[in-house]
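Morning, everyone. I have one structure to show you today, and I will keep it brief. Please have a look at it first.

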Amino acid sequence: MRIFVGEYVCGGGLAEKGLDKIPTSLRHEGAAMLRAIASDLSEFATVTVPLDTRLNLDVDAAEIVPMHANDSFYGQWVAAAKNCDAALIVAPESNGILAKSVAMLRAGGVDVIAGSGDFLRVASDKMQTAKCLLTAGVAHPLFVTLADDRYEEEIQMYKRFVMKPRDGCGTQEIRTFDSYAEARALLTDDLILQPWMPGLPISIALIASGTSLTLLPAVRQELENKNCEYAGGQGPLDDESQRRAAVLASRAIAAMPPTARGFVGLDLLLGDCSSEDYVIEINPRLTTSYVGLRQMIHGNLAARLFELETGPVSCNAAVDSVRWTPSGKVWINDTVTQHS
C-alpha cells in the first residue's frame, strides 16, 4: 500500500511566501502532525510526502517529493499522489483551503480519506456548523453573524462574548469582549459572534471508516491568555468525562451532513454537569492532539483508517499521564519522549 500525506504548511502550500512570513507556530504544529502520522502509516505502508525543502524538515519514515515554488502547487500534489492508493490531507479550513485541497486531489482521481463535500462545507464554516447543531438540538452556543441575527436578543443577556473567523483554524484570531455592543460593532461578514461559555475546554477525536465511528480518548486542551491560544493538551480524561464527551460528540456527528470519513476532531466544553456541556467546533481533519493520542492507546491509530485494526480503542495510559505541546514534544508520566 502507498499513501500520500499532504500537510499544507510543510508540503508547499506557503512556498510562495518568504520563510519569515510563515508563522513559526504553524510550521512547528504542522511538522509535529506530519511526523506523527507518517511514522504510524509507515508501519504498514509506503508513505509519500511533499515538502517545502526550505524548512529543512526530516520525515524519516517517508519518501520525500520536493516542492517547487514556481510550479502549480496542486498540480504537484496530484502528480505525487496519483500512484498512491489513498491520500490524507492536513490543511486549514481558512479560505477554503482544506475543501479545495480535497477536491483537487479527488478531481485528479485520488482517493482522499476525508469527509464528503457537504460534510467539509458545513464543518469548515462555524455559522453553518452552529445552524446544523442548534437545529438538531445539540448543545452549542447561540450565535450572531451579519447574515443571521436570529439569536441577537438572547445573546445580549450574557456578560462575555467571543468573536472568531467563521472559517478559522484552531484558536487563530479569537477575540473576547465584555461588551456586546463593542463586539457587534466590529462584526464583519467573515466573523461569528457568540457568548462566552464557562467550562473545561477538551477535545475528542474519532475515526470514521466504512460504517463505523471509533471514538478516541478525550483530552483536555491547554489554552493560554484571554484569546485562548492553544498550548497543547493532556489526557486521557477520567471515565465520567470520557462518557460525557463521547455522548456529545456522537450526537454532534449524527447531526452533521453525511458523510464523515477519516479523522475528525471536536472541541467541547464540559460544565459542572452534563446539561452544561457544549460542542464548540468540529474539525474535519487531523488535529494536533494526535501526537498525544497515539501514545495513549494500544495499537496503531492510523491503521484504523483502513480497517486494519478494528473494535473499540483500548487505552494504555492513566488519567492525565500524557501531555504534549503544539510542536510535538510529549511527556509520559513526566518523562520526555522523543519529538513525534
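I will go through aromatic pairs, then charges over rings, then a sheet.

One point before that: this is a predicted model.

Aromatic rings first. How many aromatic pairs are there? The count comes to nine. Take Phe 4 and Trp 77. Their ring centres are 5.6 Å apart, which is within the 6.5 Å cut-off for a pair. Their planes stand at 70°, and over 60 counts as edge-to-face, so that is what this pair is.

Where do the two residues sit in the chain? Phe 4 is in strand β1, residues 2-7. Trp 77 is in helix α3, residues 73-81.

Buried or exposed? Phe 4 first. Phe 4 has a relative accessible area of 0%, and buried means under 20%, so Phe 4 is buried. Trp 77 also comes out at 0%, so Trp 77 is buried as well.

Next pair: Tyr 8 and Phe 73. This one is edge-to-face too, with 5.5 Å from centre to centre and 85° between the planes. Again, distant parts of the chain are linked. Tyr 8 is in the loop between β1 and α1. Phe 73 belongs to helix α3, 65 residues away. Both Tyr 8 and Phe 73 are buried.

Now put these together. Which residues do ring pairs link into a cluster? They are Phe 4, Tyr 8, Phe 73, Tyr 74 and Trp 77.

On to charges over rings. Two cases here. Arg 160 lies over the face of Trp 196, 4.2 Å from the ring centre. Then there is Arg 323. Its charged end sits over the ring of Trp 331, at 4.3 Å from the centre.

Last topic, the sheet. Strands of a sheet pair through backbone hydrogen bonds, either parallel or antiparallel. Which sense do we have here? Antiparallel: three strands form an open sheet, in the order β6-β5-β7. The edge strands are β6, residues 175-177, and β7, residues 191-195. Each of these edge strands pairs on one side only. From one strand to the next, the twist averages 25°.

Let me zoom in on one pairing. Strand β5 covers residues 161-165. β5 and β7 pair over five bridges, in the antiparallel sense. For Phe 161, the bridge partner in β7 is Pro 195.

That is my tour. Thank you.

Conventions:
Residues numbered from 1 in each chain as written. Predicted model: local features only at pLDDT ≥ 70, side-chain atom pairs only at ≥ 80, totals over all residues. Heavy atoms only, no water. Phe/Tyr/Trp six-rings, centres within 6.5 Å; stacked < 30°, edge-to-face > 60°. Helix = DSSP H or I, 4+ residues; strand = E, 2+ residues; numbered from the N terminus. Buried < 20%, exposed > 50% of the residue type's maximum accessible area, 1.4 Å probe, protein only. Lys NZ or Arg CZ within 6 Å of the ring centre and 35° of its normal. Pairing = 2+ DSSP bridges. Axes fitted to C-alpha atoms, helices over the stretch in contact; angles between N-to-C directions.
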